[in-house]
Amino acid sequence: MEDKLKNFLNEAFKPYGDFPARKDVEQELLANLNERYKDYKAQGRTDEVAYNLTVESLGDVAEIMEQIEHEKDGKTIRETIVDVVKSAFGDGDQRFHATSLIETDLSETSLPSTDFSASALMKTKFDKADLRNSKFKAAALKGASFIGANLSGATFNTADLQDTDFSGANLTNAKIVSCNLKGSSFKDAILDGTEFKTTDLENMPFDGLKFNGTKFVSAGLRNATFNRAILQDVSFKHTKVKQINFSGATMDKVTYALLKGVNADLQNVTVR
């Protein structure tokens, strides 16, 4: 596998010729790629999947070259290489920007602060994965599974989340902005501080869930149901609430007052 990774780096840097310190840069990058490959294999990934994930983690070679050209002034070659490697791999963060990982099994992986923006992730499994503070801007996630995943602080912006399963996921302080969630499930999910903004939640069943500090901003909640749900300090800013079913819900006095002020149907609601 090391030879395969060497060939990958050689092809990646081929357009730039024999620039100063190329050998040192490639050696340092190769060491990091080898470690990442071993980590993916230890997680149970196949050789092919482990290799693809490893090379994708490198990021954009053009950005690496730009950094080499602009950061070497006033620094030793070694300092420049260290900075380049940190930048390439996010100094611990991982980047999968514009990557195709369709139907890939990434269950139970540790990928905090990963950038999955503009990636094809249809039917990909992220079950029980650590995805804290990760970004999914414009990602294609139709049919993806996040069962039991840690998505606290994650951001979904203009992502296709149709038929996505968030059952049991931790979405504390996550932001879901301008996304299509048709057919998705939030069963047993943690939604403390979660923000749903300009997002289509029509017919969404939120039955039996607990909402603490959750924000609905310009959200489409037509015919959504909150049966037996518990709402504490929940806001519905610029959101039409008249066609939401709150039957059997329990809410604090402030949330109740705010909803009543915009003529929500609060029959059979318990206030505490």
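The questions and answers below go through a predicted model, from the whole chain to one residue.

User: How many helices and strands does the secondary structure of the protein come to?
Analyst: This is a predicted model, in which local features need pLDDT of at least 70 and side-chain atom pairs count only at pLDDT 80 or more, while totals for chains, interfaces and linings use all residues. Residues are numbered from 1 along each chain as its sequence is written, and side-chain values use heavy atoms, with hydrogens and water left out. Helices (H or I, at least four residues) and strands (E, at least two) are DSSP runs, numbered from the N terminus. Counted in this way, the secondary structure comes to six helices and nine strands.

User: What percentage of the 272 residues in the protein is buried?
Analyst: A residue is buried under 20% relative accessible area, exposed over 50% and partly exposed in between, with a 1.4 Å probe and protein chains only. Of the 272 residues in the protein, the buried share is 44%.

User: Which residues of helix α1 are buried, and which exposed residues does the face turned away from them carry?
Analyst: Helix α1, residues 2-13, has twelve residues, and its buried residues are L5, L9, A12 and F13. They lie on the same side of α1 because they cover an arc of only 85 degrees around the axis, the arc being that of the directions from the helix axis to the C-beta atoms.

User: Which strands stand at the edges of the open sheet?
Analyst: Four strands form this sheet in the order β4-β6-β8-β9, with parallel pairing, where two strands pair if DSSP finds at least two bridges between them. Three bridges join β4 to β6 (residues 230-232), and F211 stands opposite L231 in β6. Each edge strand has a single partner strand, so one side of each is left without a neighbour in the sheet, and these strands are β4 (210-212) and β9 (270-271).

User: With which side chain does the side chain of S145 make a polar contact?
Analyst: S145 lies in the loop between α5 (77-88) and β1 (155-157), and it counts as buried at 10% relative accessibility. Not counting residues up to four places away in sequence, S145 touches T124, K125, F126, D127 and D165, contact meaning heavy atoms within 4.5 Å. A polar contact is a pair of N or O atoms within 3.5 Å; within protein, one must be able to donate a hydrogen and the other to accept it, and residues adjacent in sequence count only if both atoms are side-chain atoms. At 2.4 Å, the partner of the S145 side chain in such a contact is the side chain of D127.

Key:
Expected span 1.5 Å × (residues − 1).
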